[in-house]
Amino acid sequence: MQVHFCGVRGSSPSPGKAFERVGGNTSCVAIALDGELPSLIIDAGTGVRNVTALLGGNAFDGTIILGHLHWDHITGLPFFTAGDRPDARVHLMVPEQGGVDALSLVTRVMGPPVFPITPDQLRGSWTFSTYGEGHFDVGSFSVLAREIPHTGGRTMGLRITDGTSTIAYLSDHSPHDLGPGADGLGELHPAAVALATGADLLIHDAQYTIDELPQRSTWGHAAAQYCVTLAKHCGVGRVRMFHHDPSRTDEQVFALRDELAAINDMAVEVAVEGDCVQL
């Protein structure tokens, strides 16, 4: 399984030289089986535009799963050119929100008057569905979805396996909403543990530092140390800091990585736009 980091920023894009090494596009991860083109996309922030190049001129034929519906995870949809062409086949899945159908949910943030077209006006064959907690199959991948705390709308964390390798994806996660936990940074709660246990790769919200968290505790994100604590608790093979704060420069992101590595007995890596992890 190949895991392509196509967008790694949180909340809003970050253009400029201070952000170009880590990357300025918002959340998007594309997953491919070995020797195949990406057929599963997780989140469609501005980084989804980068998936088109991975497809080498081919139309996208697969599934996009949105972990939640905040702007930074959906605004790339109409600019995903490999999905907006007559020969594209795209199934878009969004978390169930009170019985509202998927197309209506997406149209709330992509449609007049806030955008010129609605999702069903994209070219190609587009289908839309909601999903809840539990297991489901997407092509050759098996997915477990669990609801995780994040401010403002239902949010899912995902566990994805091809039968050989497994990734856990918790891009936007505020575990402190459920209590302080042993270290004050949030509970190691059952949903997070179920998603991460034994995973080969954990991709996790690392938007804040420990010092920033008290002032931003209601903003829906985790301190970077939490993702390392969760990884160690769950026996994760590798952890990638993800959803970097839009104001955190490249230098600051890597300094935070080094700080965490110095106080933990496991490798801590930064999710960088353009990187590919082979599992």
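**Close-up views of a predicted model**

**View 1. Residues facing each other in paired strands.** His204 stands opposite Met241, a residue of strand E12. The model shown here is predicted. Strand E11 covers residues 201-205. E11 and E12 run in the parallel sense, and five bridges pair them.

**View 2. The open sheet.** Seven strands make up this sheet, which is open. Their order is E7-E8-E9-E10-E11-E12-E13. The pairing is mixed. E7 and E13 are the edge strands, each with pairing on one side only. From one strand to the next, the twist averages 20 degrees.

**View 3. Helix H4 on the sheet.** Residues 224-234 form helix H4. This helix packs on the sheet and touches E11, E12 and E13. The direction of H4 makes about 150 degrees with that of E11.

**View 4. Helix H5 across two strands.** H5 is built from residues 250-263. The helix lies across E12 and E13. Relative to E13, H5 runs at about 170 degrees. Its length can be checked: 14 residues at 1.5 Å a residue should span 20 Å. The end C-alpha atoms of H5 are 21 Å apart, which agrees.

View 5. Asp250, Val253, Phe254, Leu256 and Leu260 are buried residues of H5. Looking down the helix axis, the buried residues fall within an arc of 150 degrees, so they line one face of H5. These buried residues pack against H4, E12 and E13. The face turned away from the buried side carries Glu251, Ala262 and Ile263, which are exposed.

**View 6. A salt bridge between Arg146 and Glu133.** The whole structure holds 15 salt bridges. One of them joins Arg146 to Glu133, with the closest N and O atoms 3.1 Å apart. Arg146 sits in strand E8 (residues 141-147), and Glu133 in the loop between strand E6 (125-131) and strand E7 (134-138). The pair therefore ties together parts that are 13 residues apart in sequence. Arg146 has 25% relative accessibility, so it counts as partly exposed. Glu133 is also partly exposed. Its relative accessible area is 43%.

**View 7. Arg240 and Glu269.** A salt bridge brings together the side chains of Arg240 and Glu269, at 3.3 Å from N to O. Arg240 belongs to strand E12 (residues 238-242), and Glu269 to strand E13 (residues 268-270). This pair links distant parts of the chain, 29 residues apart. Is Arg240 buried or exposed? Arg240 has a relative accessible area of 7%, so it is buried.

View 8. Asp275 lies in the loop between E13 and strand E14 (276-278), while Arg240 lies in E12. Asp275 is partly exposed, with a relative accessible area of 30%. Which residues belong to the network? Salt bridges with shared partners join Arg238, Arg240, Glu269 and Asp275 into one network.

Notes. Residues numbered from 1 in each chain as written. Predicted model: local features only at pLDDT ≥ 70, side-chain atom pairs only at ≥ 80, totals over all residues. Heavy atoms only, no water. Salt bridge = Lys/Arg side-chain N within 4 Å of Asp/Glu carboxyl O. Helix = DSSP H or I, 4+ residues; strand = E, 2+ residues; numbered from the N terminus. Buried < 20%, exposed > 50% of the residue type's maximum accessible area, 1.4 Å probe, protein only. Pairing = 2+ DSSP bridges. Axes fitted to C-alpha atoms, helices over the stretch in contact; angles between N-to-C directions. Contact = heavy atoms within 4.5 Å. Expected span 1.5 Å × (residues − 1). Arc of directions from axis to C-beta.
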